[in-house]
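Me: I'm new to this one. Can you put the structure up and walk me through it?

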Amino acid sequence: MFFNYISCTKKRLRVSLSKIKYGQKSLAYSLGVFLQPCMDIEKELYIAAVELAEKRYPKGWGGAAAVRVESGKVLTSVAPDIKNESLGLCMEVGAYLEAHKIDEVVTHSLSVSRETEKSEFVILTPCGVCQERLVHWGGNVLAAITNPENKVIFKNIRELQPHHWSAVNGEQL
Ligand SMILES: [Zn+2]
């Protein structure tokens, strides 16, 4: 428990320091996050996704996903670059595949994108296909949703899919 706390604190410190160079607003935000309790998984995921998007796409459009699995690991991914639009995949798919590879249950999924390097990041509800991918891990999986204030709000897949087709098999999400 103690070591968990230390490792979490170190991670938060690293996140805070890395944000300083992005200006006062980011500094204030990251310090705010740093002071929050260690168990704030949802904000941690938001920061992980934003960090990856900023690093991978320093100019123009940017987007990334951060997914948490049951052991506490955070898996991140981006959408593949493609020449043919039919090859497109959502940014969270890589992290879902990684969860399958390490045989872990996904507990949270969050994706963000921004139009340019000067725009704010917005949270994207998983598309219908990705919600279907999350159903694999049951109705309790939490997904961050799009909302007008762009707050970090999670809803479980059971709430997002109240009429899921699996009901015809007598299953309940
Ligand atoms: Zn999707």
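Reply: One term before we start: two residues are in contact if their C-beta atoms, placed from the backbone, lie within 7 Å. Leaving aside its neighbours within four places in sequence, Leu-110 is in contact with Leu-45, Tyr-46, Ala-49, Ala-65, Ala-66, Ile-123 and Ala-144.

Me: What kind of model is this, and how are residues numbered?
Reply: This is a predicted model; local features need pLDDT of at least 70, side-chain atom pairs count only at pLDDT 80 or more, and totals for chains, interfaces and linings use all residues. Residues are numbered from 1 along each chain as its sequence is written.

Me: How many helices and strands?
Reply: The chain has six helices and six strands. Both are DSSP runs, numbered from the N terminus: helices are H or I with at least four residues, strands are E with at least two. Along the sequence the pattern reads α-α-α-β-β-α-β-β-α-β-β-α.

Me: What share of the chain is buried?
Reply: Buried residues are 27% of the 173 in the chain. A residue is buried if 20 or more other C-beta atoms lie within 10 Å of its own, exposed if 12 or fewer, and partly exposed in between, with C-beta atoms placed from the backbone.

Me: And what share of the contacts join residues at least 24 apart?
Reply: 48%, counted among contacts between residues at least 6 apart in sequence.

Me: OK, strands. Which ones pair with strand 3?
Reply: Strand 3 covers residues 106–114 and pairs antiparallel with strand 1, residues 62–69, over eight bridges. Strand 4, residues 122–123, is also antiparallel to strand 3, with two bridges. Strand 5, residues 142–144, runs parallel to strand 3, again with two bridges. To count as a pair, two strands need at least two bridges found by DSSP.

Me: What else does strand 1 pair with?
Reply: Strand 2, residues 74–77, is joined to strand 1 by four antiparallel bridges. Here Arg-68 stands opposite Val-74. The hairpin of these strands has four residues between them, and Gly-72 takes a positive phi near 100°.

Me: Is strand 1 covered or open?
Reply: Mostly covered: seven of its eight residues are buried.

Me: Which of its residues are buried?
Reply: Glu-44, Leu-45, Tyr-46, Ile-47, Ala-48, Ala-49, Val-50, Leu-52 and Ala-53.

Me: What about helix 5?
Reply: In helix 5, residues 128–135, Cys-130, Arg-133 and Leu-134 are buried. Seen down the axis, the buried residues fall within an arc of 100°, so they line one face of the helix. That arc is taken from the directions from the helix axis to the C-beta atoms. On the other side, Gly-128 and Val-129 are exposed.

Me: What do those buried residues pack against?
Reply: Helix 4 (93–101), strand 3, strand 5 and helix 6 (157–160).

Me: How many residues are in the largest nonpolar core?
Reply: It has 31, and those with the most contacts inside it are Ala-49, Ala-64, Ala-65, Val-67, Leu-110 and Val-112. Helix 3, strand 1, helix 4, strand 3, helix 5, strand 5 and helix 6 each give two or more residues to this core. Helix 3 gives the largest share, eight residues. By nonpolar core I mean a set of buried Ala, Val, Leu, Ile, Met, Phe, Trp, Tyr and Cys residues joined through C-beta atoms within 7 Å.
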